[in-house]
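Open the model in your viewer and show it as a cartoon.

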Amino acid sequence: METNVLNTSMTSSERFAVENEVNNFNKKNTVNGRTASQSLGKDDFLKLLITQLSNQDPTNPMEDTEFISQMAQFSSLEQITNMNESFSKMAAMINSSQGMNLLGRTVDMDIGDATTQGVVEAATMGEKPQVMVNGMYYDLERIKNIYN
């Protein structure tokens, strides 16, 4: 009688592919249209300010100077948020150019338990650029060595 044995082990390239899928899903995971965050943003600040103004005591309203101070804080927060977005775009452009500069070069790639060597055949652009080596895409941080 023949028994079927189920092989549940994965190769290092299969583990890498699964890890990439999980990481991409976690980056895009949102709840009620909002991405989870550990910090308050400008929308949260506005909601707090509106709640504060809506629930203030009419016999003792907020002082003008307090309101102006809070609006100045909001303006600063908005400018810092805009700067952060600009820096993120600039970092993405720099990372993309790093990937493009590797086209045609031989690299050593860390793929979990093993290392593979190959020529960079293609590169993607964006926040997390990747390079294609031996027909598979890898994140730039997986590159261990670069050769001429």
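In which sense do strand β3 and strand β4 pair, and over how many bridges? Select residues 106–110 for β3 and 115–123 for β4: the two strands pair in the antiparallel sense over 5 bridges. Strands here are DSSP runs (E, at least two residues; helices are H or I, at least four), numbered from the N terminus, and two strands pair if DSSP finds at least two bridges between them.

This is a predicted model, in which local features need pLDDT of at least 70, side-chain atom pairs count only at pLDDT 80 or more, and totals for chains, interfaces and linings use all residues. Residues are numbered from 1 along each chain as its sequence is written, and side-chain values use heavy atoms, with hydrogens and water left out.

Stay on this pair and pick methionine 109, which stands opposite threonine 116 in β4. The β3–β4 hairpin has 4 residues between the strands, and glycine 112 there takes a positive phi near 95°.

Next, follow β4 into β5. These two strands run antiparallel and are joined by 3 bridges; valine 120 stands opposite valine 133 in β5. Their hairpin has 6 residues between the strands, with glycine 126 in the turn at a positive phi of about 120°.

Now select β5, residues 130–133, which 4 bridges join to β6 in an antiparallel run. Glutamine 130 stands opposite aspartate 139 in β6.

Finally, show the whole sheet: 5 strands form an open sheet with antiparallel pairing, in the order β6-β5-β4-β3-β7. Its edge strands, β6 (136–139) and β7 (143–147), each pair on one side only.
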